[in-house]
Every structure is written in C-alpha cells, then in structure tokens.
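Here is a short briefing on one protein chain. Look over the sequence and the structure first.

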Amino acid sequence: MPRTGKRTLKIELRPELELIVCCARTRLDPIHRDRIRELLAGRLNWTDIIATSIQHTLESLVFENVTGAGGDLLQPIERAMLHAPARDTGISGLALLNEMILLYELFEAERIPVIPYKGPLLSWLAYHSLTRRRCVDLDFAVPQRFIPQTTSLMQVAGYRPEFDLREAHDGQKAHAPGQYAFFSNVRDMSVELHTERTLRYFPVPLDFAEMEHRRITVDLAGRKLHTFSIEDTLVMLCVHGAKHFWERLGWIADIAELIQAQPVVWPQALRIAKELKSTRLLLLGLYLAHGLLAAPLPSSILEQAQQDSNVRWLANQVCNQLAGKSDPSTGVLPRAAFRLRSGDKIGNGIRHMLRLATSPTETDRQSIRLPRVLAPFYALVRPWRLLREYGFGFRQRLKPDLAIYDPTPQEVVDHMLHLASVGPGDILYDLGCGDGRIVVTAAERYGIRAVGVDVSPQRIAEAQAKARRHGVESRVQFLQQDAKKVEISEATVVTMYLGTDANLRLVERLRTELLPGARIVSRNFQIYGWAPERLEKHTMPNGIPTFLYFWRIPKPAEQVERDSRAEYDKHPAGESDTQKA
C-alpha cells in the first residue's frame with residue numbers, strides 16, 4: 001500500500017514560488033490550504049506569481065487553489081490576473097483534444113500504429129481534466145518505418161513539415177531529427193511525431209512493438225484511444241523531465257498526479273526502467289514528486305531512492321535550480337555531471353553522456369551548414385557548439401530564461417517599427433535582440449540610436465557583425481546583459497519577442513522606468529492585466545499569422561489632470577477645434 005512517508009526534500013523559496021508549489025496539486029490538505037491563506041495575507045508580487053505559474057505550466061492549478069483556499073483575500077484585479085491565463089489554458093486544451101482525435105482517426109484509417117501520449121491524453125489520465133494542465137502541442141509515437149507515410153498524411157491534413165523532407169526517408173538508416181515537427185498555419189498548432197530513433201534521451205532505444213503489447217485504452221470525449229501503459233508513461237515522463245533538467249515544476253506535478261490518479265504496477269514500472277537502463281531517472285522523478293509535492297510512494301521505492309546517493313544529489317541540484325541558487329543546465333561540465341550521475345551504472349552514464357554530446361541536433365545543423373557528404377562531421381560540431389553556448393561552467397553564465405532564439409522575419413520587423421511610429425529623436429531598445437535585425441533596421445532606415453540586449457554571446461557577436469555589414473556601428477550598441485536588469489529609462493521605443501511569462505517579468509520595469517509617451521511593441525505575446533492600445537494581425541506570405549501588441553506609457557495622473565484642465569480652458573463647454581472653426 002503506498003504511503004506518503006516523511007518529507008525528504010527541504011527547500012527555501014520566495015513567497016511567490018512557495019505559493020505556486022503549494023498550489024501544484026489537485027488535492028489540497030489542510031496544511032497547504034492554511035499555508036496558502038498565510039501567504040495571501042502577506043505582501044506578494046502578483047506579476048511574479050502569474051509569470052512563474054506560466055513558466056512552470058501551472059496557471060490553472062494556481063487559479064483553482066488560490067481562489068478555492070483564499071478567494072476572499074483576493075482583490076478583483078488579482079483574481080482577474082489569475083483567471084486570464086487559466087482561461088486560455090482551458091480553451092487551448094479543448095482545441096488540442098479535438099485536433100488529437102481528428103489526427104488519430106486519420107492515422108487509424110490508414111492502419112498506421114500511432115500512439116498519442118502527453119498533451120490532452122496525459123491531462124485526462126493524471127488530472128481527470130482537460131483544463132488543469134497546459135498543453136502546447138500534440139505528441140504521437142510512431143515506428144520509424146511509417147514516417148514517410150505519416151508525413152504525407154500530415155501534409156494532406158494541412159500541416160507543414162518543419163524538417164528537411166529527405167529526413168523522412170533517410171531517418172531509418174541515416175540522420176533522424178530530434179522530432180518530426182509539423183505546424184498548421186490555419187489551426188496555429190504544432191504536432192510532433194516521435195520514433196524509436198528520435199527519442200535519443202533514452203539510454204537505449206525504445207521497443208515500440210513490446211510497448212504496444214502493454215498499451216491501454218482510454219475513453220476520452222466519447223472516443224476510445226490507445227496509449228502507452230501507465231508504467232511506460234511514467235518512465236517516459238521521468239526521462240523527459242531529466243532531459244530538460246526538470247526546469248518546470250509542472251513536469252513534477254504530472255508525475256505526482258499520475259501515480260495518484262491511476263493504479264501503478266510498481267514491479268513492472270521498475271522492470272521497464274531497468275530494461276531501458278533508466279532506473280535512476282525513474283527514481284529521481286518519483287523522489288521529486290514525493291519530496292516537493294507529497295506524492296505517496298510505496299515504502300520500498302522511497303527507500304530505494306533515499307538510499308541512492310546519486311538520486312539525492314540530482315534532486316538537490318533540481319531543488320537548487322528551483323530556488324534560483326544554481327542551475328545544472330548552465331555550463332558543459334555541470335550538464336555532463338548531471339548526465340553522468342543519471343546513469344544506472346558509471347559505464348552507462350559515460351556512454352549516454354558521450355552519445356548526447358556528439359549526436360547532432362537541428363540546432364547543430366543550423367549553426368554550420370555542411371554538404372551532405374560531410375554530414376558525419378556534425379558529431380564534431382556539436383561539442384564545439386555546446387561549449388560555445390554554455391561555457392565550461394566555472395563561472396555563472398546568464399541563462400536565456402525569457403525566450404528561445406527565434407528570428408523575426410524582416411517583414412514583421414518592418415511592421416513592428418511602423419506600429420511604434422519610429423521617427424527622428426527616438427531611442428529604441430530591443431529586449432532579446434537575437435541577431436540584431438530590429439536594432440540594425442531601426443538605425444539604418446530611421447537614422448536613430450538603437451540598443452540591443454541579449455544574454456547569448458553568440459547572438460551578440462552575430463548582431464555586431466550585422467551592424468558592421470550595414471555600416472551602422474556608430475548608431476547601435478549591443479549589450480550582453482539580462483533584459484530584466486538592464487537600464488532602459490532612456491528608451492522611447494521598446495520592442496520585444498519573448499514570451500507571456502517573460503513580458504510579465506518586465507512589465508513593472510517598463511511601467512516605472514520608461515518616460516510617459518514611450519511606446520512598446522510585442523510580437524505575438526500579450527501582457528496579462530495590461531490591455532494594449534492597439535492589436536494588429538499580419539499574415540506572412542507563408543500563411544503564418546503574427547500578432548503585434550502596442551502599448552504607450554501613460555502620463556502621470558496629475559499630468560493628465562493638468563492636460564484636461566488646459567483643454568477645457570482652451571475649448572469651454574467642450575467646444576472642439578472643428579466647432580470653433
């Protein structure tokens with residue numbers, strides 16, 4: 001019989017993050033309910049709460065538990081800020097469920113043995129809900145040999161492959177991407193197909209044929225769907241979390257909820273993990289779920305995890321990351337140590353670490369373009385790129401925690417600058433400037449001074465090179481700094497293409513540091529609680545829509561009052577310029 005046991009992980013968190021950890025569960029006990037009320041009674045940074053809940057994909061649970069335990073302590077604006085992202089999560093979850101069923105039926109009609117997992121299916125299995133867990137895309141597992149056929153079907157369904165189509169045929173023997181990703185412009189949805197060759201973070205390849213024998217049937221929205229067994233799903237979730245160094249608390253919540261919502265055959269879960277040489281990865285995920293979220297575990301499994309010094313070390317690294325004390329994903333040596341200690345045996349860890357360090361990904365192939373005949377040399381490109389991006393880890397590097405690098409097309413750059421009404425005398429700051437295209441365009445086209453900010457030394461070097469090519473070095477400046485800390489008070493225009501949580505982390509500084517009248521343009525991401533003055537939609541030639549949000553820093557209340565009085569004196573009784581003329 002599973003038992004909760006004694007809390008095994010101690011971690012000191014800022015109040016906002018502690019509130020989110022207390023809310024990261026579907027079952028609130030009296031202790032967590034009382035603690036939520038205690039935290040709500042204190043002084044909290046609500047922008048940070050919303051941003052952090054989005055970062056950890058827990059916005060729905062935070063809204064549900066905060067309003068359930070302490071709704072009477074909330075101000076209307078706080079409730080509205082909590083509700084908006086939770087509402088969007090629910091809408092997105094239902095849309096993804098509908099699309100998952102449509103694609104499943106499409107594959108089923110062609111007798112392609114695909115298995116949906118994670119996404120809406122995991123929401124239903126773990127949370128008994130489609131609105132409690134945010135899903136960003138759909139994931140299907142399919143044997144590698146069916147990829148050419150599934151690629152054709154996805155194209156017929158209106159999805160665009162985001163990989164070299166030659167890889168659909170070459171993947172069986174040659175290079176396979178990290179996933180076969182597709183995107184639908186019409187639905188604004190992403191779908192990823194995973195095979196035994198793309199799921200490279202497992203120490204040994206998955207055997208889909210054996211996993212298919214263990215599959216279960218789930219009745220979801222009146223449709224019966226086949227998916228992986230609970231035990232297979234549990235191991236896959238633990239490997240996936242470790243792949244990303246457990247950066248999101250939501251991944252830990254998935255495990256905690258799954259083992260409470262579904263019966264787990266624990267001996268089988270351990271056997272599956274052992275065959276995949278992933279026992280320590282499984283124990284780490286379970287240990288985190290128990291220690292952070294009080295998920296009940298059988299005493300034998302809890303003792304096995306507690307007695308493994310490597311599991312304890314790895315869990316402490318994750319807790320330090322959550323608390324903001326350190327980060328195992330920054331620096332080649334810390335990353336290697338995490339991978340090495342994740343292996344069931346020292347030899348397994350070394351082989352797994354070396355394979356991940358030399359197996360090229362799409363990012364490696366994009367960083368340097370080699371002819372197909374030289375493709376084997378990408379195994380040498382990857383270690384060099386990792387070292388360049390992360391450094392050795394001897395000193396703390398800034399981590400790109402606001403957004404991943406995704407260049408903005410030039411036509412969208414033009415629209416952003418036009419929407420901001422950039423003109424003579426302006427000073428533009430691009431937060432998360434990437435290769436500097438917005439900064440360079442603003443300086444070249446409008447002759448203004450522009451500043452780009454990015455944490456990546458590689459992006460800063462690319463931006464400086466671009467400025468030299470365009471002859472605008474004297475009017476631009478690029479700062480390798482954290483956008484959350486850089487001084488922006490001189491900016492009259494700020495451009496951003498970050499993320500919803502990133503925008504929230506910047507909004508207070510934008511409001512307080514920028515002068516009245518300063519303009520802000522964000523591509524694709526809104527700011528919850530701050531209605532835009534304008535919202536424009538632009539459709540690019542490839543059919544992908546882009547949304548541009550525009551804000552203007554308002555004048556102080558007393559200035560507005562003076563301006564209103566002056567306007568009244570100028571036009572008594574509300575007389576307008578037109579009437580006066």
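The points below go from the whole chain to single residues.

This is a predicted model, in which local features need pLDDT of at least 70, side-chain atom pairs count only at pLDDT 80 or more, and totals for chains, interfaces and linings use all residues. Residues are numbered from 1 along each chain as its sequence is written, and side-chain values use heavy atoms, with hydrogens and water left out.

**Whole chain**
- The chain has 25 helices and 14 strands. Helices (H or I, at least four residues) and strands (E, at least two) are DSSP runs, numbered from the N terminus.
- Of its 581 residues, 54% are buried. Buried means under 20% relative accessible area, exposed over 50%, and partly exposed in between (1.4 Å probe, protein chains only).
- Among contacts (heavy atoms within 4.5 Å) between residues at least 6 apart in sequence, 69% join residues at least 24 apart.

**Helix 21**
- Helix 21 spans residues 437-446, and its buried residues are I438, V439, V440, T441, A442 and A443.
- These buried residues pack against helix 20 (410-419), strand 8 (427-431), strand 9 (449-454), helix 22 (457-470), strand 10 (476-480) and strand 11 (493-496).
- G447 follows helix 21 and has a positive phi, near 70 degrees.

- T151 sits in helix 7 (residues 147-156). T151 is buried, at 3% relative accessible area.
- Leaving out residues up to four places away in sequence, T151 touches P161, F163, L165, A168 and F182.
- K345 lies in the loop between helix 16 (332-342) and helix 17 (346-358). K345 is exposed, at 62% relative accessible area.
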